[in-house]
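Hello,

Here is the structure you will be working with. Please open it first, then read my notes below.

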Amino acid sequence: MQLLAIDPALGGMALRARSGPVRDRLVGLLDWLPQPQQRIHPAISDEALFGGLDLSATLARGQFVQEQGLLSRPGTVILTMAERAATQLAARLAMVLDAGTTHRLIALDEGAEPDEALNPKLAERLAFAADLSDVTISEAIAPDPFDPSAAITHLHQVAVPNDIAEQITRIAAQFGIDSLRAPLFALRAAKAHAALRGKMTVDANDVEIACLLVLAHRATQMPGSDEEAEAPEPDQTDRDDQDQTDTLNLPDELLLEAIKALLPDNLLDRIAAQKARQGKGSGSGAARKGNRRGRPMPSRAGRLGDGARIDIVGTLRAAAPWQTIRKQATGRNSVQVRSDDIRVKRFEEKSDRLLVFTVDASGSSALSRLAEAKGAIELLLAQAYARRDHVALVSFRGTGAEVLLPPTRSLVQTKRRLAALPGGGGTPLAAGIITALEQAITATRKGLTPTIIILTDGRANVALDGAGNRAQAAADAQRMAQAVRAQRIDALIIDTGNRPEPALAALAQTLGAIYLPLPRADAARLSASVATALGD
């Protein structure tokens, strides 16, 4: 918070914590940030944010009256329930942060699950992030009172060594951070930290703290030894020619190890899940826009017809600025509304989701991972039941596939069918895909949003005609995958083999599906990975 108070160009902070005393203690530090502080919620309208027409004043005076929005004055914006912010709101707030340095944004992320998170495009524009999920009240120690005025004045006098920007950019690249905002934020944070300490030049301690605060939560990969060894070193001759005040002799290895120490143990799993969520987004069914029912959306210009309903307030807002001209043209003093002013109501409705579990019950799978797959599906079924999702169960083994359970919400019935699932025989992967596709197409016609989840070790050896031909079986599986993609049905492939199968990765690419190789995962980890990939 101190660095944010010193340099507004740092954008803000994403704070992940449930409502409670720990978060309240940190939020209390917001008094250091500029006033006024405006709290907004995810459903806030554009008019409330940016201002717009003051309808009652405009109609009363007969001339346009502008209403001020919450963002009309510089200050601090606190976004509550930030994980629920729609893409439209995230884009508008990102636009405000990109426009200048008049606002700081504090995004309070109250998500209980890993997939419930702040919009990544908005998070990219916030220099800092903190996760208080595991912090106790005894650990939340509030610092001493802080007055940023002296540090703000001193900020412009802080000198930055010439090689810092290059080094920070190099470190960010090794952690897989492809956004240039990250090294820029780290550079600004280092300068602000130096100003906070009253120093005239950024030193190694400032750079290390800045990299920890800005880069650690953005990492998408663990730097390998090869990458570290190949990191370019400044030329020694250039170092000798430069003055010591113009360079910073801080080895990359120190920064790398310091940032690594803050990274969670399950970073790679979280990265895979994040990419999966970005690749797909069908977590709770597809959104359908219409004008009859669902969550209200901003009205749009339109004409009455096809069941459309007029938005009276929106229509009057559109007509109000033109009343003076229209009254002069017609000589009438009444409110005049024309067809171009008509605004119709819009709603967004989400359809129910269907999860089509397609399970490999062949001999190769049964010998290795069928038990874990069954356990993972049982855990997923319980989650689906809690969300009131529909589930269907398809198994393939021998020479074909069968629907063990059509779409249902019955948890007990699904578990019973799953427990009775036998194993053995060949792997007719193509037959499993086409049977799952049939269930998905039928569900789509009934208004559901299907997702096909295939659990297999990928060793397809039975073609669609029942012949034992590995080459033909692989070709048939590819053709069925193309058919699924042509229907624009989301899919997820879980590789349950003891080692990743390249053929399954190629099949996932054809499907346009998420591919998760989990060779050593137990039932609980399988379930967690699938749930995260689905955005649950």
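**What I found**

Asp 495 has Pro 517 in S16 as its bridge partner. Strands S15 and S16 pair in the parallel sense, over four bridges. Here, two strands pair if DSSP finds at least two bridges between them. Helices (H or I, at least four residues) and strands (E, at least two) are DSSP runs, numbered from the N terminus.

Before going on, note that this is a predicted model: local features need pLDDT of at least 70, side-chain atom pairs count only at pLDDT 80 or more, and totals for chains, interfaces and linings use all residues. Residues are numbered from 1 along each chain as its sequence is written, and side-chain values use heavy atoms, with hydrogens and water left out.

**The sheet**

S15 and S16 belong to an open sheet of six strands, in the order S13-S12-S11-S14-S15-S16. The pairing is mixed. Strands S13 (400-408) and S16 (514-517) are the edges, and each pairs on one side only. On average, neighbouring strands are turned by 15° against each other, direction ignored. Axes are lines fitted to C-alpha atoms, for helices over the stretch in contact, and angles run from 0 to 180 degrees between N-to-C directions.

**Two crossing helices**

The axes of H8 (residues 164-174) and H10 (residues 204-215) come within 12 Å. They cross at roughly 35°. H8 contributes Ile 164, Ile 168, Ile 171 and Ala 172 to the contact (heavy atoms within 4.5 Å). H10 contributes Val 207, Cys 211 and Leu 215.

**Helix H15**

Which residues of H15 (residues 312-319) are buried? They are Gly 314, Thr 315, Ala 318 and Ala 319. They cover an arc of only 135° around the axis, so they lie on the same side of H15. The arc is that of the directions from the helix axis to the C-beta atoms. Buried means under 20% relative accessible area, exposed over 50%, and partly exposed in between (1.4 Å probe, protein chains only).

**Two positive phi values**

Most residues other than glycine have a negative phi. Met 81 is not a glycine, yet its phi is positive, at about 50°. Met 81 sits in the loop between strand S5 (75-79) and helix H5 (87-99). Met 81 counts as partly exposed because its relative accessibility is 28%. Arg 488 also has a positive phi, near 60°. Its loop runs between helix H21 (470-486) and strand S15 (490-495). Arg 488 is exposed, with a relative accessible area of 78%.

Best wishes
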